[in-house]
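Biologist: I have a model to go through with you. Can we start with what a term means, then turn to residues and the pocket?

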Amino acid sequence: MQGVIPASLPSKKALWIGRGLSGLGVLFLLFDGVGKVLKIAPVMEACAPLEIPESVIPGLGIVLILATLVYAIPRTSILGAIVLTGYLGGAVWTHVRMGGPVFPMVFPVLFGAILWSGLYLREPRLRALIPLRGQRP
């Protein structure tokens, strides 16, 4: 018999804040992914100092778009968040490897926190799996 994790439904306010955070994250990531696939000038200019080969950029965009779509589908959103966390971790490493300003190194971490926060607020399964201290089952 499978174990069932009891999950409480989010309040309407938490649900809408979670949807808003997730929606903004999805829009930003899709925009970024499409920019990479189309190889628009600002994307190419941003990738040049990071020594990312031009031939790799559209593939990164496709991976980003697919991972974002997996995140956007409620049934697979947790898997999508895990894959996007790996993608964003690669972005952090790329910036750390090249040095430079702190903000580009920290931005993917902050963005990942926004994605996970949005998911946490709207997804009862995640709240059941990772309860915050003081929450009652």
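Modeller: Buried means under 20% relative accessible area, exposed over 50%, and partly exposed in between, with a 1.4 Å probe and protein chains only. This is a predicted model, where local features need pLDDT of at least 70, side-chain atom pairs count only at pLDDT 80 or more, and totals for chains, interfaces and linings use all residues. Residues are numbered from 1 along each chain as its sequence is written, and side-chain values use heavy atoms, without hydrogens and water.

Biologist: Is serine 22 buried or exposed?

Modeller: Serine 22 sits in helix α1; helices are DSSP runs of H or I, at least four residues, numbered from the N terminus. Its relative accessible area is 4%, so serine 22 is buried.

Biologist: Which residues does serine 22 touch, beyond four places away in sequence?

Modeller: Contact means heavy atoms within 4.5 Å. By that test, serine 22 touches Tyr71, Leu115, Gly118, Leu119 and Arg122.

Biologist: How does leucine 126 count, buried or exposed?

Modeller: Leucine 126 lies in helix α6, residues 124–129. Leaving aside neighbours within four places in sequence, leucine 126 contacts Ile78, Trp116, Leu119 and Tyr120. Its relative accessibility is 3%, so leucine 126 counts as buried.

Biologist: What separates the C-alpha atoms of leucine 126 and valine 43?

Modeller: Along the chain, leucine 126 and valine 43 are 83 residues apart. Their C-alpha atoms are separated by 34 Å.

Biologist: By class, what lines the largest pocket?

Modeller: Ala, Val, Leu, Ile, Met, Phe, Trp, Tyr, Cys and Pro count as nonpolar, Asp, Glu, Lys and Arg as charged, and the others, Gly among them, as polar. A pocket is an open set of points on a 1 Å grid over the protein atoms alone, where a 1.4 Å probe fits, with protein on both sides within 12 Å along at least five of seven lines; lining residues have an atom within 4 Å of a point. The lining has 20 nonpolar, four polar and two charged residues.

Key:
Helix = DSSP H or I, 4+ residues; strand = E, 2+ residues; numbered from the N terminus.
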